[in-house]
Amino acid sequence: MKKTDSKARKGSAHGFRTAWDLSLFYAHPSDPMIEKDAKRIERAYEAFEKKYRGTKEYLKGGAALRAALKDYEKLYVTLDGGKPALYFAYRKELDGADSASEARMRQLDDRFTKAGNRVQFFELSLGKIPVARKKAILADPALARYRRELAHIFETAAHDLSEPEEKIMSLKAATARGMWVSGVDTAVNKQMVKRGKKEIPVNEAINLIPSIPNQKERHALWDSTMDALDRVSDFAESELNAVLTDKKINDELRGYKEPYEATVLAYENDPAVVRSLIETVTGAFPISQRFYALKKKLAKLPEMRYADRGISIGKVAKKFSFEDSVAIVRDAYASMNPEYAAILDSYLARGQIDVYPRQGKSGGAYCSSAFGNPTLVLLNHVDEPRSLMTIAHEMGHAIHAERAKSQPPLYQGHSISVAETASTFFEGVVFERLLEGLSPKERMIMLHDRLQDEIATIQRQIAFFNFELALHTRVRTEGWVPKAEIMRMLNEECARYLGKAVKMQERDGLFFVAVSHFRNPFYVYSYAYGQLISKALLARVKEDPAYIMKVDEFLRAGDSKKPEQIFKDIGIEVGPALFADGLAAMERDIAELERLAKAVNR
């Protein structure tokens with residue numbers, strides 16, 4: 001393993017830039033352009049309010065509504081994704097102890113929230129248009145460019161509050177949720193874990209655990225990591241209860257009946273499709289149980305703990321340094337479309353990828369895109385195959401963001417569930433490239449690792465969904481759930497998908513502290529949704545390489561249609577049958593893994 005420097009690396013022997021270059025946003029924290037941009041944003045909102053508040057002409061539809069929507073769209077361009085606040089948020093991501101950046105981010109968020117409140121009346125007024133006129137507006141060819149945005153406004157209107165109430169909701173968001181979540185995140189990022197005579201950041205330890213070959217050492221590092229999370233757990237108990245209670249209040253005010261209803265509506269999925277996803281995958285937990293029973297045998301473990309869940313069953317001879325990983329990912333992308341490889345090259349050249357873990361830096365990996373700004377990718381690369389696949393995954397998000405720029409400003413984003421389809425598709429493409437030329441033993445190892453990752457994306461995330469639903473329900477009925485019970489509930493749901501082969505320890509449940517998605521309610525279903533659809537896309541591309549043009553059509557669609565319609569347009573019918581097909585493909589892969597294991601171990 002390559003030694004990680006204590007400071008961000010600025011480049012590599014291959015000329016890559018491996019740390020974010022935040023000068024793409026501003027020269028430095030005191031750059032006068034920050035305040036100029038902030039005032040420009042505030043003035044734009046003020047001007048829109050002055051022009052349209054009090055007038056009712058645009059509510060009649062026709063040319064007046066078209067003109068108002070055109071001005072409303074310009075706000076997206078003027079806002080630039082909240083560039084000033086985003087800049088300080090990124091600085092905080094690189095250094096959790098940077099309280100000055102957090103303070104500036106909070107100040108700017110507050111200013112932009114107040115500015116945004118000035119124009120809330122616009123969508124609220126549109127939502128109150130009589131049903132008959134709404135239908136006429138949606139059918140008006142002159143408003144075709146805005147039909148998708150209007151349809152979404154009309155659909156969510158049933159959960160709108162009054163304008164004064166909406167202002168209160170937005171103003172309290174930071175204190176009721178944002179600061180709580182940020183506080184736990186900062187506390188976790190500051191934790192250090194002992195490994196031998198050294199101390200490493202807790203997030204680096206979490207990434208490192210699956211790569212430690214010696215089970216005793218692996219368990220020791222896991223236990224030390226749980227010790228670090230335990231130091232934050234009392235705070236996290238209060239934080240998570242506060243966040244879930246806040247959501248309960250919000251849902252009651254808005255009239256949502258189910259805890260997950262707001263998320264599904266926001267992601268614009270069909271609720272029936274999501275329910276079928278949860279039921280189908282939960283019913284297929286025996287697939288993951290079968291995998292872990294096989295894994296225990298292949299890894300020759302007398303006992304398998306949760307800490308062993310992510311280990312491999314062997315090593316492929318090739319080392320996966322960041323430079324090597326980039327070469328593999330780039331080659332796989334170029335084989336489909338040279339433009340995809342060019343996007344990766346440009347990110348590396350411009351400093352849009354922050355590669356290595358270090359103390360204070362946020363853990364995990366993600367891609368962050370906002371209209372009008374450079375898209376950034378955060379990694380915590382530790383020279384293992386899993387880190388290679390993470391590059392493929394996060395750059396899949398980045399490619400999606402770049403392709404969606406062909407859409408008008410209103411539609412350059414994308415639903416979360418669609419985003420996860422893009423990322424897992426590109427991950428799958430890279431995996432297929434990795435298998436080429438491997439020996440039977442190496443294929444066995446890589447197939448095992450791939451199945452493990454798919455189970456983490458499908459069964460594990462649905463287990464998380466089930467845990468969230470149970471926890472939200474408990475908070476709503478009992479008012480407070482103590483951390484010991486949170487831990488027990490999480491362990492119980494994980495045991496359901498892991499099966500009897502994995503013995504859960506009571507303290508394993510402490511990892512609720514570090515799972516950021518529990519603070520973003522029910523986000524997790526999107527991973528399973530995206531993975532199962534991406535398996536269908538990969539199957540089509542393998543049958544007919546020209547189908548990549550259809551995939552690109554989906555990537556370019558951005559947020560111009562609802563998710564299920566985007567896939568229907570390229571021949572993918574999303575529903576129980578598709579989910580069952582994807583799970584059946586996993587079963588076939590497990591059978592192939594069993595066959596390879598027998599052949600290798602003869």
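Helices here are DSSP runs of H or I with at least four residues, numbered from the N terminus. The model shown in these views is predicted.

**View 1. The second largest pocket and its helices.**
Helix 24 gives the most to the lining of the second largest pocket, with nine residues. Helix 24 spans 576–600. Helix 17 (416–435), helix 18 (440–457) and helix 21 (525–543) also take part, each supplying at least two lining residues. In total, 28 residues line the second largest pocket. Its volume is about 720 Å³. Which residues lie nearest its centre? They are Lys 535, Ala 539, Lys 542, Ala 585 and Asp 589. By class, the lining has 13 nonpolar, twelve charged and three polar residues.

**View 2. Ala 536 in helix 21.**
Ala 536 has its place in helix 21. Is Ala 536 buried or exposed? Its relative accessible area is 18%, and the cut-off for buried is under 20%, so Ala 536 counts as buried. Beyond residues up to four places away in sequence, Ala 536 touches Ile 572 and Leu 578. Phe 579 is 43 residues from Ala 536 along the chain. The C-alpha atoms of Ala 536 and Phe 579 are separated by 9.3 Å.

**View 3. Phe 431 in helix 17.**
Phe 431 belongs to helix 17. Phe 431 is buried, with a relative accessible area of 6%. With neighbours within four places in sequence left aside, what does Phe 431 contact? The partners are Met 389, Met 446, Leu 447 and Arg 450. Val 329 is 102 residues away along the chain. Between the C-alpha atoms of Phe 431 and Val 329 there are 9.2 Å.

**View 4. The largest nonpolar core, seen around Tyr 333.**
The largest nonpolar core has 143 residues. Six of them touch the most other members: Tyr 333, Met 395, Phe 425, Tyr 525, Phe 554 and Ile 572. Tyr 333 is in contact with Tyr 340, Ala 341, Ile 391, Ala 392, Met 395, Gly 396, Ile 399, Phe 426 and Val 430, leaving aside its neighbours within four places in sequence.

**View 5. Ala 342 in helix 15.**
Ala 342 lies in helix 15, which covers residues 338–350.

Strand 1 holds residues 192–195, and strand 2 holds residues 198–201. The two pair in the antiparallel sense over four bridges. Met 192 stands opposite Pro 201. Val 193 stands opposite Ile 200. Two residues sit between the strands of the hairpin. Gly 196 takes a positive phi there, near 65°. In a regular strand the side chains alternate between the two faces of the sheet.

Asp 354 stands opposite Leu 378 in strand 6.

**View 6. Two loop residues with positive phi.**
Most residues other than glycine have a negative phi. Glu 268 has a positive phi, near 60°. Glu 268 lies in the loop between helix 11 (261–267) and helix 12 (271–283). Glu 268 is buried, at 7% relative accessible area. Lys 300 also has a positive phi, near 55°. Its loop runs between helix 13 (285–298) and strand 3 (304–305). Is Lys 300 buried or exposed? Its relative accessibility is 71%, and the cut-off for exposed is over 50%, so Lys 300 counts as exposed.

Note on methods: Residues are numbered from 1 along each chain as its sequence is written. This is a predicted model: local features need pLDDT of at least 70, side-chain atom pairs count only at pLDDT 80 or more; totals for chains, interfaces and linings use all residues. Side-chain values use heavy atoms; hydrogens and water are left out. On a 1 Å grid over the protein atoms alone, a cavity is a set of points where a 1.4 Å probe fits but cannot get out, and a pocket is an open set with protein on both sides within 12 Å along at least five of seven lines; lining residues have an atom within 4 Å of a point. Grid points are joined across faces, edges and corners, and a volume is the space filled by probe spheres set on the points. Ala, Val, Leu, Ile, Met, Phe, Trp, Tyr, Cys and Pro count as nonpolar, Asp, Glu, Lys and Arg as charged, and the others, Gly among them, as polar. A nonpolar core is a set of buried Ala, Val, Leu, Ile, Met, Phe, Trp, Tyr and Cys residues joined through side-chain atoms within 4.5 Å. Buried means under 20% relative accessible area, exposed over 50%, partly exposed in between (1.4 Å probe, protein chains only). Contact means heavy atoms within 4.5 Å. Two strands pair if DSSP finds at least two bridges between them.
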